[in-house]
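Student: I should like to learn how to read the features of a structural model. May we work through one together?

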Amino acid sequence: MSSNNWKRILLDKGTSPLFLTPALIIFLVLLVGPFVYMVSLSFTDLSFSQPGRDGNFLGFANYRKLMRDDPIFWESFLTTIKFVFAAVGLEFLFGLGLALLLFHLIRGQRFIVTLILMPMMMAPVAIGLMWKLLLNGEFGMLTYYLRKIALMAPQTAPLSSYKLVLWTMVVIDVWEWTPFVTLVILAGLMSLPREPFEAAIMDGASPLRVFWDVTLPLLRPIIALVMLLRGIDAFKEFDKVFILTGGGPGTATELLSIYTWRINFRNWDFGYGSVVAFMVYLVVLIMCSVFYKGITWKRGIEELRA
Amino acid sequence: MSKAWRNVGMGVIIIVIIIALTPYIWMLLTSLKLRIDALASVPKWMFPPTGEHYPTVFIDKGYLPLLSNSIIVALSSTLLSLLVGVPASYVFARNRFAGKEDLFFFFLTTRMAPAISVVVPMFLIFGKLGLVDTYYAVVLAHSSFNLSLVVWMMRGFFEEIPQEIDEAAQMDGNTKAGTFFRILLPLAAPGISATAVLCFILSWNELLYAMILTAFESRTLTVGIPGLVQPHGTLWGQVAAVAVVATLPIIIFTFFVQKHLVRGLTFGAIKG
């Protein structure tokens, strides 16, 4: 067989493996490797700040510590859950409302939609700084107006009040991510078939009934997906809160990601820190597999329809 | 819908736009204010503008290299992700093989993986390899999430190109690889450019990996910004100036990719 033929075989049959392998290698090296290393570290006492703790095997001691002797971890877990549910819940309500409004009034005219989208495209660091500036206790523009219209008592500052600060983070997250929910639901609305709506209107259904009995059920898969995506991202939230409060005052806004950061990169305790990091990973993996099921579920629905 | 309700609705939309943009505009204004105006206890909307903060922070305080670091890191990670990811996505779009969807899901989890968890072992590994505070470390870390974005988005774009085109090209004597490079890549070019822009944005905006994997030499702009914020006496004009520079390219890019945003941000789950 001539060399030309071999080349041809390589370029035909060999293409798929050749195309796929580099991506697989990068994934193995960048994600599977570190993941395995993290899990193995979680059984050790590796620390950069204490002498003698250079990676000795501990068995499950770190895990026992997490379960029994670390109330701050669980407090942080609870803070994260509160943050996720409050933020994602509000984003859903506002996002759905706004999407419906945009759909009926401007049919998703791109320029206006893009203006509304801006918050979610900017660097979260910049967003953190923007809001730090707006909410400063002495010269913050928003603080000034909030006090002026008496929504907030003088002297209270949204970022240093222990009671308010987590909800301030929620508000900022809602500001940043409602556009995302809006965008996705709007895309969903525009892709819906018209017939069910026409049939419902022919039957004399009121707009509210149409919304409740036709629109919402048709949108359900998309709503589920966008909520789950937002849930995963909110659970991982780090940048904004890190810039705005660093987890404080006290531990009022110490989300799991901030706590993980503190144990690893402030206390330099990589043994115990790996357990915490592993836990965060685990929760995200679980949410991810639900997301995956959601996608296959949605594909199934689409195939049924086609 | 009656005219009155229409007007109310339009009013709400306008208010939403104002809410979405005001924080940004306020920061833009702050970057142009003298210190005394920036710290005024009654917010100042009108003031004598100054451009001094921009040269002060970028030239005198040496933030210019951070800007170029950001560009280098974002471009490299975008390029690497496209180079490796586009061919892989083509295989996912066209081939059938056992476990394909599971492998695809595996690619998704890598995008979803919490940075704070991944960065812990990464920091230790890159440290042992002597790569911390080099471009390699950040570029590779950013490629870990950008690569899966590429695979996810491009699979959708390739699936939209009819299979008949591949078949016709191969009938004409093209190899499979030849078909991909000569016929399909040009057809997928709009999708590739949208994907590239999204990759660039994600890398440009990223903080956590960049903050932990760089120290000084390869610090990106997002890592440098927090350093300007002091417990007391923050020079807000300068902070705002850096933040404006860090967000301006993104705003421009967003208008370029607006058509593909939904798909990019939902990993192709919703076509938009």
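**Reading the model**

Tutor: Of the 306 residues of chain A, 42% count as buried; a residue is buried if 20 or more other C-beta atoms, placed from the backbone, lie within 10 Å of its own, exposed if 12 or fewer, and partly exposed in between. This is a predicted model, in which local features need pLDDT of at least 70 and side-chain atom pairs count only at pLDDT 80 or more, while totals for chains, interfaces and linings use all residues. Residues are numbered from 1 along each chain as its sequence is written, and chains are lettered from A and ligands numbered from 1 in the order in which they are written.

Student: Why is A:Ile286 classed as exposed?

Tutor: A:Ile286 has 11 other C-beta atoms within 10 Å, so it is exposed. A:Ile286 lies in helix H13 (residues 270–305) of chain A; helices are DSSP runs (H or I, at least four residues) and strands likewise (E, at least two), numbered from the N terminus.

Student: Where in chain A is confidence lowest, and where is it highest?

Tutor: Where pLDDT is low, the predicted coordinates should not be read in detail. The pLDDT is the predictor's confidence in each residue, from 0 to 100. In chain A, the lowest mean, 75, belongs to helix H1 (residues 3–12), and the highest, 96, to helix H12 (residues 256–265). The average for chain A is 89, and 95% of the residues score at least 70.

Student: How many helices and strands does chain A have?

Tutor: Chain A has 13 helices and zero strands. Its radius of gyration is 25 Å, well over the 19 Å that the globule rule gives for 306 residues, so chain A is more spread out than a compact globule. The radius is taken over C-alpha atoms, and the rule is 2.2 Å times the number of residues to the power 0.38.

Student: At what angle do H6 of chain A and H12 of chain B cross?

Tutor: Two packed helices are described by the angle between their axes and the distance between the axes. Here, the axes of H6 (residues 124–134) of chain A and H12 (residues 236–257) of chain B come within 10 Å and cross at roughly 145°. Axes are lines fitted to C-alpha atoms, for helices over the stretch in contact, and angles run from 0 to 180 degrees between N-to-C directions. Residues making this contact include A:Leu129 and A:Met130 of H6(A) and B:Val239 and B:Ala243 of H12(B); contact requires C-beta atoms, placed from the backbone, within 7 Å.

Note on methods:
Contact = placed C-beta atoms within 7 Å.
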